[in-house]
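Here is a short briefing on how two parts of one protein chain meet. Have the structure open as you read, and look for each residue as it comes up.

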Amino acid sequence: MEKFLVKGGNTLSGEINIGGAKNAAVAILPATVMARGRCVIENVPDISDVRVLLDILSQLGAKIEMLSNDTVAIDTTDINSNEVPYELAKMIRASYYFIGALLGRCSEAHVSMPGGCNLGVRPIDQHLKGFQALGAEVTVDGGIIHAKADRMLGSHIHFDVVSVGATINVMMAAVRAHGITIMENVAKEPHIVDLANFLNSMGADIRGAGTDVIKIHGVDMLRPSTYSIIPDQIEAGTYMVMAAATGSSLLIKNVIPKHLEAITDKLISSGAEVEEFDDSIRVTGGKVIKKINVKAMPHPGFPTDMQPQITAMLCRAEGTSIITEGVWEGGRFRYTDELKRMGANISVDGKMAVVEGVSKLTGAPVRAADLRAGAAMIIAALTAEGTTEIEDIHYIERGYENIVAKLTAVGADIQKIIVPDGDSMRQAQ
Ligand code: EPU
């Protein structure tokens, strides 16, 4: 079993380079199957979710060539399968993007139900509603989603809930539907815009991405393209919170400051100083962390994927902070039990957590309940007295590239260790 050992108390200083956005990469890589030919994708993050997607692409018949650490060539000329097997699909959420992409490429897809972080119930009804509106026949049978369309036709789709995944999946299929598709009540996250830009670079005609309404003129074919993925908003936000939580100063490079505004705003309210430059941002933690209230909402609201990290910081704030989860139905506060092991004073009631600031946290054995929960454990550990042992770090490695090296370079005391399975300091509570 692999774990992180983090010794708290160090002040961080220096620069951190942000990689490509996970949630854009996990849409853009499947979308390459829609063009017959060789796409070159740059600024690809070095994370395990990406490695799984490249494995799926290979199994479908694509040829993968790493041109450098963060650039991959994907030749989809010889795609010869429309099936994503269970063993790979179950490992990540984004495996279901192959439904939209394969419908677009070959009018048929058979994809096992996806995996991903356990954030409570994660329905896919809005994805299926969108495919059906385009004329696809969709059935779910024995854990496999089957989608087939002899001819997809543009349609007017109003989503019942704002969903990142449904917006991405249906947008991919609609690019190849005949006629015009109007998608209303869509997600507006930066990765939606990035996927639309990538598809447009391949010859699609998508307008309005980043607003509530997306309009798509279907096209007969897409051509391969070379594309660079946007920087990861959440990776950047996580390091911003680390600087603020540890009273340190970090220059976070290769970011789009506009994508970070909701996070910047909350950090300033909590007493940190934030300086924005063209493609970097400096965060300097204040002497004390002030209490704040945070409500996680779809973009442009405060990102739900930053909710655990900011809560970890607020454990040591002066006063009481209230955190409200406005995207996920419960489930996203499971990590608070782990923070309590370190001395945090948090009570959760449904979609709300009340965090009474304490003067110190103490290192303890904890686990990463999911990807962002794992990032929250690292933040708490960096600010705690003593050593924290974090289990289940495979969740963290799904979405944070080279996190040990990046943190070590700015002065954190963090190491990855391998211990025999079952050798855990953590006691059930
Ligand atoms: N929802 C439905 N029906 C659907 C789809 C979603 O009711 O068909 C509901 C969900 O239950 C949830 C809300 O709509 O309450 C939003 O879910 P959404 O579909 O937007 O989430 P997702 O696409 O499954 C992506 C990210 C998540 C991020 C959310 C919200 C990827 C691969 N995942 O998930 O990222 O939390 O959007 O921004 O893009 C992470 O990176 O740690 C992560 C979990």
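In this predicted model, the centres of domain 1 and domain 2, taken over C-alpha atoms, are separated by 30 Å. Domain 1 covers 2–19 + 231–428, while domain 2 covers 22–228; such bounds come from an automatic or database domain assignment.

**The contact**
- Domain 1 brings 26 residues to the contact and domain 2 brings 22 residues, where contact means heavy atoms within 4.5 Å.
- About 1,800 Å² is buried between domain 1 and domain 2, with 51% of it on carbon and sulfur atoms; buried area is the accessible area (1.4 Å probe) that two parts lose on being put together, summed over both.
- Of the area that domain 1 buries against domain 2, His-299, Trp-328 and Arg-398 supply 37%, more than any other three residues.

**The salt bridge**
- Between domain 1 and domain 2 the count is one salt bridge, meaning a side-chain nitrogen of Lys or Arg within 4 Å of a carboxyl oxygen of Asp or Glu.
- Look for Asp-49 and Arg-398, whose side chains meet in a salt bridge at 2.9 Å, N to O.

**How to read the values**
- Residues are numbered from 1 along each chain as its sequence is written, and side-chain values use heavy atoms, leaving out hydrogens and water.
- Local features need pLDDT of at least 70 and side-chain atom pairs count only at pLDDT 80 or more, whereas totals for chains, interfaces and linings use all residues.
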